Number of protein chains: 2
Amino acid sequence: MTAEEKLRDQGCQAKAAGARLACMPTDIKNAALLAVADALEHNAGAIIEANAWDQAEAAAGGMNAAMLDRLILDEGRIKAIAADVRTVAALPDPVGEIFDMRTHANGLVIGKKRVPLGVIAAIYESRPNVTVDITALCLKAGNAVILRGGKETIHSNRVLVNIIHDALTRSGISPEAVQFIDDTDRALVPVLLHMSDLIDLVIPRGGAGLIKSVKETSTIPVVAGGIGVCHTYVDAAAKIKDAVAIAYNAKVQRPTVCNAMDTLIVHQAVAEEYLPLIAAEWAQAGVEMRCDERALAILSGRPNLKLAAAEPDDWSREYLALIAGVRVVDDLDGALRHISAYGSGHSEAIVTEDYSNAQRFLNEVDAAAVYVNASTRFTDGAQFGLGAEIGISTQKMHARGPLGLKEITSYKWLVYGSGTVRP
Amino acid sequence: MTAEEKLRDQGCQAKAAGARLACMPTDIKNAALLAVADALEHNAGAIIEANAWDQAEAAAGGMNAAMLDRLILDEGRIKAIAADVRTVAALPDPVGEIFDMRTHANGLVIGKKRVPLGVIAAIYESRPNVTVDITALCLKAGNAVILRGGKETIHSNRVLVNIIHDALTRSGISPEAVQFIDDTDRALVPVLLHMSDLIDLVIPRGGAGLIKSVKETSTIPVVAGGIGVCHTYVDAAAKIKDAVAIAYNAKVQRPTVCNAMDTLIVHQAVAEEYLPLIAAEWAQAGVEMRCDERALAILSGRPNLKLAAAEPDDWSREYLALIAGVRVVDDLDGALRHISAYGSGHSEAIVTEDYSNAQRFLNEVDAAAVYVNASTRFTDGAQFGLGAEIGISTQKMHARGPLGLKEITSYKWLVYGSGTVRP
C-alpha cells in the first residue's frame, strides 16, 4: 500500500467506526473515556519517556524555549490531561436530543434529532495534549477522529494514541474510531483534505499559516479560528477604575492566548486621565506599549514605561506576548472603524457606563464575542458554559466562538407519517 | 478596471452594504420586499420582453424543450414570483433573536444573538426565478447577496435586478446590497470563489457538475446539496395499500425534483404481492422500472409495464424523470446497506407497521430527512415549516435539509459584565 492508499484506508475505517459510534449508548462512551483517563495516568512513565525523545529532537533542531515548553509532558500535565478527559465524560451527551418537533398542517409530525457529524479530521501543531483533548470530545459526541499532529510531537502522540486504543478496546469501542496518521510527510495533508467522501469536518489548530493553508486546500468543510486580534475600547463614559482592571486583565492574565487583548483604544476625553494609570500598572507587568501619536504625546517622558511608536502593521498583529497597541480616538465611531478595519472577529470589549454606546458596540461590532465591561479573556468554552472546547471559531458558518460538544454535531430531520402523501 | 477588479469592487460594495443591512429594522426590510413584489408585477412587460430574447438565443443554441421551459417567464410565473416575495416579507425576521442567555458562575450574563451571515454569493443555472427568490431571502435575513446566474438567462436577470435595485432605492435600502455579476465569463467564477475576505457563504444551485466544481474550488464555506438519490423501502410489515400510495406519490407527483424517489426497495416477503400492484399504478403514469433480477422475475410478462434490467450504475442515479430503480432485498439490513452504499443523504423513507424496524431505520439511515410511512416529496422548506427555502443541504455542517431564513444567519455571543475580570 502506498502512503496515500494507507491514508484512504484509515478514512474508510474511521467512517465505518463512526457509523457504529453514532449509535453507541452514553454509558459505554463515558466508561471508555474514564478508562482512557485512568490509562493515561497509569502509563505516565511511558508517555514521559517518549516525550523526552521529542524534546531531545526539538532541542537538537534549535527550537526556542517557549515552543519547547509547549510540547513538554510531565506528571502534572498528564494528570491535568486525564482530569480534562474525566470532565468530558461528565458532560451531558449531546447526541440524541430531539427538538423542534411538532405536528404540521400536512399531517406529519416533524422534528430534528441531534446526531454526530461523522468523521472529524484534526490537523494541529506542537501541544501533545491536543491529541487527547480532541479525541475525548469527538468520542463523546459520537464522532470518529483522524489525528494529524506535528512532527515535533510524533513520539508522544504515538504513545498517547496507543494508550487510547487499548483503553477503547477494553471498553467495547472500536479503536478504529481514533485514527492516527503516523507519517509526518507534508504531502499527505492535501490528500487528507480532499477526502470529502470520508471526512465531514476539518479542524485546524495552530498558527495563522497552518489555518490559512488548510482553508485554501480543503474541499471538506473547515471550522477555523483561534486567531484573535482583540480590542478593548475605553469610552468617554467608562468607570476609569474598571477600565484599568479590565485592560490589565485582558493583556496580562495570560498573554499567550487568542482572547488576550492586542490593542487598547481610548476615547480622547479620558485619555489624559486613563492612559497614565493603565501604563503604570502595565509597566509593573513588563508590558510594551506601541502607541499612536496622541497616546505617545500623553505618555512620553513618564518613568519606567516601555514605549514605542506603533508601526502601521502593528494594528493587525496578534501579539501573544506582553505587547499592546495603544490608540486614541475621537469618539465611538473611531473605535468602531478601527475594530472593523483590524479586528479578526474574535473578542471585542467596550468599557462604558453609557447605555446607548454599549448597545451600539454590541450591535455594530462584528465578532464572535462582544463584551461590555468585562475582560475578553472569558472567551472560552468552559467560561461560556460549554464545559470544554474543541476550538474557537472566528467564522460565521456552522458555529461561532467557542466550540463545545454540541458544535461538533449535526441533526437529521425525523418525519412521522401515516401513509401520508403530498397533494 | 479589469473584470477581476470590478468583481472585487462589487464584493467590497456588498460587504459595506451588508454591514448597513445587518442593522436595518424589520419594517424597512419588509416594505422593500413588498415594493420589489409590486415592481415585478408592474414591469412584467419588460421582463417578458427580455426573457423572449433569452428564449430565442437558447432555442438558436439548440436547447431542448425541458430546459427551455425552465427559463420561460410569463405573466403567471411573474405573479407567482411576486407572491413568493410577499410570503418572505410576511415571515418573522430571524435577525435579533436573543437565546441561551443566562447568568454564569463567573458573574457574567452571557447569551447569543442571531445576526446575518454578511455576504452570500449564489451561483446558479437556468431558472430566472432563483434571482428573485434568493435575493428576497437574503435581504430578509439581513444579508447582502452577489448573484451569478447562467448565461442562458442573462437578459432576464439583468432586467430583474434593475427592477429590484429601483425598488430598494425607493425603500431606503442601498441597491449595493444586491450585486449582479453582469459578465458570463467562466474565468470569473474561481475569482469569486476565492474572495473569502468579502464573502461569508457560497450557495451553488444547479446540477451535480456545478455543485462539485464550486465545492472543489471555493475557499469560502459552501452549503450545497439538492442532489437527491432517494429511496423508499417497503418492509415486510408494511401496509401494502399505504406502500403503493407512498411510492406512487414519491415517484410521480413531481418527478423532476430532488426529493422524488429514485429507487424502490422491497422486502422479499411482500415483493410478490406488492410489486405487481405498484407496477400497475406506475404503468398508468408511464414510469419505467429498472429492476434487479428478483424484481424482474416477479414482474416479467405482465402487460403494459416498461421494464428494464438495472445496470450497476443505475443505483446511484438521480433520475429526475419517470424512471425508478427497483430492488428486492432479504431484510431490513439489506435495505440499510443499499441506502448506505447509494444514497446521497437527502431523503429516505421506510413503509412499515413494525415499531422496531421503524426505529432502526430512523436511527441508522444517515440522511438529511428520514421518514416513516410518508412520501419523500415533503422535504421542502414550506412543508417543514420554514416558510420558504433557499436550498436543501445534504451536508452536515451548518444546516442540514431545507434551508430557511434562520439557516442563512449566524450568531454572536453577547457578554455583559460589571468590571469583570478573569481570576
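Two strands count as paired if DSSP finds at least two bridges between them. The legends below describe close-up views of a predicted model.

**View 1. Four strands of chain A form an open sheet.** The strand order is β5-β4-β3-β6 in chain A, and the pairing is parallel. Strands β5 (178-180) and β6 (201-205) of chain A stand at the edges; each has a single partner strand, so one side of each lacks a neighbour in the sheet. From one strand to the next, the twist averages 20°.

**View 2. Strand β4 of chain A is joined to β5(A).** β4(A) covers residues 144-148 and runs parallel to β5(A), with three bridges between the two. Within this pairing, Ile146(A) has Gln179(A) of β5(A) as its bridge partner.

**View 3. Helices α6 and α9 of chain A lie across strands of chain A.** Helix α6(A), residues 129-140, lies across β3 (119-124), β4, β5 and β6 of chain A. The angle between α6(A) and β4(A) is about 165°. Helix α9(A), residues 208-217, lies across β3 and β6 of chain A. Its direction is at about 160° to β6(A).

**View 4. Helix α10 of chain B is largely enclosed by the rest of the structure.** The helix spans residues 240-252, 13 residues in all. From its first C-alpha to its last it reaches 18 Å, close to the 18 Å expected at 1.5 Å a residue. Ten of the 13 residues of α10(B) are buried, which is why the helix is described as largely enclosed. Among them are Ile240(B), Val244(B), Ala247(B) and Lys251(B). The buried residues also include Asp242(B) and Asn249(B).

**View 5. Asp314(B) is a buried loop residue.** This residue is found in the loop between β10 (306-309) and β11 (323-329) of chain B. The relative accessible area of Asp314(B) is 2%, and the cut-off for a buried residue is under 20%, so Asp314(B) counts as buried. Leaving aside residues up to four places away in sequence, Asp314(B) touches Arg290(B), Ala309(B) and Tyr319(B).

**View 6. Chains A and B superpose by a rotation of 180°.** The shift along the rotation axis is 0.0 Å, and the RMSD of chain A on chain B is 0.0 Å. The two copies are therefore related as by a two-fold rotation axis. His398(A) is the residue of chain A that comes closest to this axis, with its C-alpha at 1.8 Å. Of the interface residues of chain A, 99% are also interface residues in chain B, so the copies meet through the same surface.

Terms used: Residues are numbered from 1 along each chain as its sequence is written. Chains are lettered from A and ligands numbered from 1 in the order in which they are written. This is a predicted model: local features need pLDDT of at least 70, side-chain atom pairs count only at pLDDT 80 or more; totals for chains, interfaces and linings use all residues. Side-chain values use heavy atoms; hydrogens and water are left out. Buried means under 20% relative accessible area, exposed over 50%, partly exposed in between (1.4 Å probe, protein chains only). Contact means heavy atoms within 4.5 Å. Axes are lines fitted to C-alpha atoms, for helices over the stretch in contact, and angles run from 0 to 180 degrees between N-to-C directions. The expected span of a helix is 1.5 Å times one less than its number of residues. Copies are superposed by least squares on the C-alpha atoms of residues with pLDDT of at least 70 in both.
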